[in-house]
Amino acid sequence: MRGARRQQTGNAGESYVKGAFEELGWGVATNPDSDLGTDLFAMARDERLFDLGLVVGVQVKAGESWFSEPEHDSNDGLIGWWFRDHNREHIDAWLRHGLPHLIVLHDLSTRLTYWQHVTNDVVVSTGKGAKILIPAANTLDEAHRNSLLEVAAALRPKTDWEGSAWTGAASVLPRDLLRHALIAPRLVAPHPNAGRVRPLTPEQAVALLAQARILELERFAKAFAEVPPLSEAAESSTWEWRFVAAFAHRVTSGEIVGMLPMIEEAPTTQGRVAATVVYAAGLLQEAKADDALRCLMEAASRDEATPVDDAWLKVHLARALTEVGRVDEARRIAFDVQQIRATHSEDVTATAIAGVAAALLFETAAWRDENLAELITGIDNAVAWWRTQTVSRGLTALVDRTLKTWARDTSVSFGRGETSHNQLVAASLAANHLGDHGAWRNLSTLLGQVDLMTLGRDSEPDSVASRLDALRLAGAENELKLSVKRVTDDGPAVVVTRIAKEVDLATSTQTTARTNLTLLQYGGDVLDEQTANRSLSWLLSTLAASEEFITRTSPSYVVDLRLLDTIAKVAPSASIAARRAIVDRISSLDPQEDQARATSWARIVEALPDQEFDQDAARHIARLAPTHHWALRYPLLRLAAKSDLTVRDQLISEARNGSASALAALDDVRELPETAAAETIGVYAERVRQEILDAHRGQFGHGGEDHGRTLALLNVWHPAVADWETLFQLLEDAAVIGELKRHAFQLLASCVDNISTGIRRRLGTIAITVSEKWSPTSKYKGIAVDAAEPAVELALKLGVLNDDSVTENILRSLAGDIGRRRWAVRIAGLRGNPEDIGLLLSFCFDPDVTVRSTAAAHLAHAVATGKGGAAAAAGLRSCLQDPGTLVPASIAATIEQVPQPGPDVIDILSTLRGHLSYRVRSVVERKLASTMDR
């Protein structure tokens, strides 16, 4: 007997197609006995050969005849081949089938197989029949694995989550409950209003903890013997309850070390995966990305997790790889993880994991390679919606609490707890456990801000430290900068010292690199010497070779500029030896021609005490100075001029030609010879006259050099060649804005004793006139710009204001904003009447630190000059205990100006000698040294 060639061709085609699916790891079953248009059933499996519960029907057509109708594009390029069904009987059957179907063409000569998913979109009607184009690009091979998986999952039924807030997820398999409890806890935890009708399962307990509903968990433990209290769960014979205890400790304390034994002891794969994720997520939260990476790689190497659990592990692995700069590896993993959306679309945790992978791919893509549509689609999932609801509840509670505080509502709401805090904790935990690094960062930042706003300068340092450090670990640079400045100035400043001790710049991650530098930069004044030395060592080393740091952290900022600016803030707190190392670096600098870099190096020069630059170093840098941009050149020349008369003469020559930088580099304008002073005054008088002309033309500038102040300074110290008339014109001209006068008035007020009687009389008249134009609304971008306030100060120092006028000005400012209150305190301090001491004492307890520091400074002056009495001395002792740095710094700066300190001043200096602020300590040491010299 002879076999039919057509049947042989068909059998060969089916065999090849079956083999191609098997090469993908899919299971294949033939359907020979009742073939009504389906030759094969292909059972989808992932790359790890895990069965996905998905089946595809396959119709195979083999032989040359099925390639007889090709389709070409306009350039005669092959697009594919048409498959025709003359009465559409087969096509309609495939469209109605309960399984997705592929029509497959196999070329026996090339042994290539092509496929098309049969859907309404690809069917073209031909009248009675229909046809389908089989693309030449759709080959049955590894390159199209994900596309084939999407076909397999095309008809998988979706789960309806509406109403699940009450019912939870009854369809979740027991093996998947822990994952759901950690990522989507609302599906596992009993609803708050459902009561306690049956004991909790361990998975439900985990979900309650993930929602920060710890009190409810304890109530279940009291109601049911089967539910151990958290204090006893750690000793349970059941791993699941021990896991609950370890997770509870992680939620309440932030510590994750107790989760490590849970990984080793887990009796099931799903338990081991959940424990691994919680532990790794905790490590990543603490910026211990290298440790998290090792843990996750070990877990992934076991290759035992189910497909969704495996994707869960791998999305965290991609997250950890990104944090240490291994972005290409992370992207490859994230790309593979996304297939879980197609294969497990009924699992909300799977679609959420796929969404995180899509976000990671978007955030790490090269510029203009980002796929916004893919991102938006990926993050638009049920888990993200539910998390948004949690955040909304937290922020609503915050608004309610803020309103109650504003309305001074003293009523107590029992049983509500810290709703805003707990809801944000829950949202942050869920994002972290999911592996959504961006959402976790945002939520941790929000939580840190909300909590910090409830704390004050007298709060427990541990509480402030944990919130401040949360901002650092979340990479919240701007929020951390504001918070560090506030806490350093206002207190408790010791918190910044404590956090900085724990910062290891060498292990900075992509998230924490900027915030680690921010903490050191804005908290540099309160670093202990050991921390400052360690940080400087790393900063200088990395400045010399930054490639490793750049590779690891993928910075979007100019690294060397950021390092230089951080060095400038850290250096003063370091040891003498560490500072000398910086001087050596400055002495060997290559020419700094770029203004930005020269400016940053100048900040370092200005931050270091002058005594660190000995004569040899000064002479050396004087020779190098001309090679640098002027932004660095003049700070270096300033140091050299202290011991080198040639450099000093050079600066004087440039100053007389109008160089503001040279004049500033002289430090003391009294060093100018009269002839040079006369020429310099002439230059600045001309600039002031030009400002007056511009003002009358309606032309005003903001910022830049203050010509009026410089002219006032030169006039005061060089009266023989002064040009007072030009300065008077500036100060009394109504067309000139207050911003151009303010600093001149302030300078004159500070130098009243050095101004002659005739000039004082004229200045008094001008000051009275300008002060009468005081307005509490004269502001530019929130900053007071009128000249009335400093004019009042000058008039007061000149003695041309009567007490009633001063009191009226003070009273008008007492109920004003911070700037007005600060000014009122300053005026009261300058007046110095006995009744003003009470005002100063009251403002020593002002909520704003700048007001307190101003009041403390004037109290210090009163005590130091013997005018304050017992009340001022007691108030000053209280100010010395301020937990911030600004108040003690103001006291120290005031005391430094006292010419002959008495016993009270010595006591103040002794109290401040060990202050944590370098700024305070340096002033105290200088004053004590000068006192001992006398």
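Strands β2 and β3 form a hairpin, with 5 residues between them. In the turn, L49 has a positive phi of about 70°. Keep in mind that this is a predicted model, so to speak a computed picture throughout.

β2 covers residues 40-45 and β3 covers residues 51-62. Which residues of β2 are on the covered face, and which on the uncovered one? L40, A42 and A44 are on the covered face, while F41, M43 and R45 are on the uncovered one.

Strands of a sheet pair through backbone hydrogen bonds, either parallel or antiparallel. This sheet runs in the order β4-β5-β9-β8, with antiparallel pairing. Its edges are β4 (70-72) and β8 (123-125), each of which pairs on one side only. Ignoring direction, neighbouring strands are turned by 35° against each other on average. Inside the sheet, β5 (residues 78-85) and β9 (residues 130-135) are joined by 6 bridges and run antiparallel. Helix α2, residues 89-96, lies across β5, β8 and β9 and runs at about 100° to β5.

Now jump to helix α13, residues 307-323. How far do its 17 residues reach from the first C-alpha to the last? The span is 24 Å, close to the 24 Å expected at 1.5 Å a residue. Is this helix mostly covered or uncovered? Mostly covered: 16 of its 17 residues are buried. Just after α13 comes G325, which takes a positive phi of about 85°.

The last stop is a helix pair. Two packed helices are described by the angle between their axes and the distance between the axes. For α28 (residues 576-587) and α29 (residues 595-607), the angle is about 140° and the axes are 11 Å apart. That angle makes α28 oblique to α29, because only angles over 145 degrees count as roughly antiparallel. The crossing of the two is left-handed. As for the side doing the touching, I582, R585 and I586 in α28 meet W601, I604 and V605 in α29.

Key: Residues numbered from 1 in each chain as written. Predicted model: local features only at pLDDT ≥ 70, side-chain atom pairs only at ≥ 80, totals over all residues. Heavy atoms only, no water. Buried < 20%, exposed > 50% of the residue type's maximum accessible area, 1.4 Å probe, protein only. Helix = DSSP H or I, 4+ residues; strand = E, 2+ residues; numbered from the N terminus. Pairing = 2+ DSSP bridges. Expected span 1.5 Å × (residues − 1). Axes fitted to C-alpha atoms, helices over the stretch in contact; angles between N-to-C directions. Parallel < 35°, antiparallel > 145°, perpendicular 65-115°, else oblique. Left-handed = near helix turned anticlockwise from the far one by under 90°. Contact = heavy atoms within 4.5 Å.
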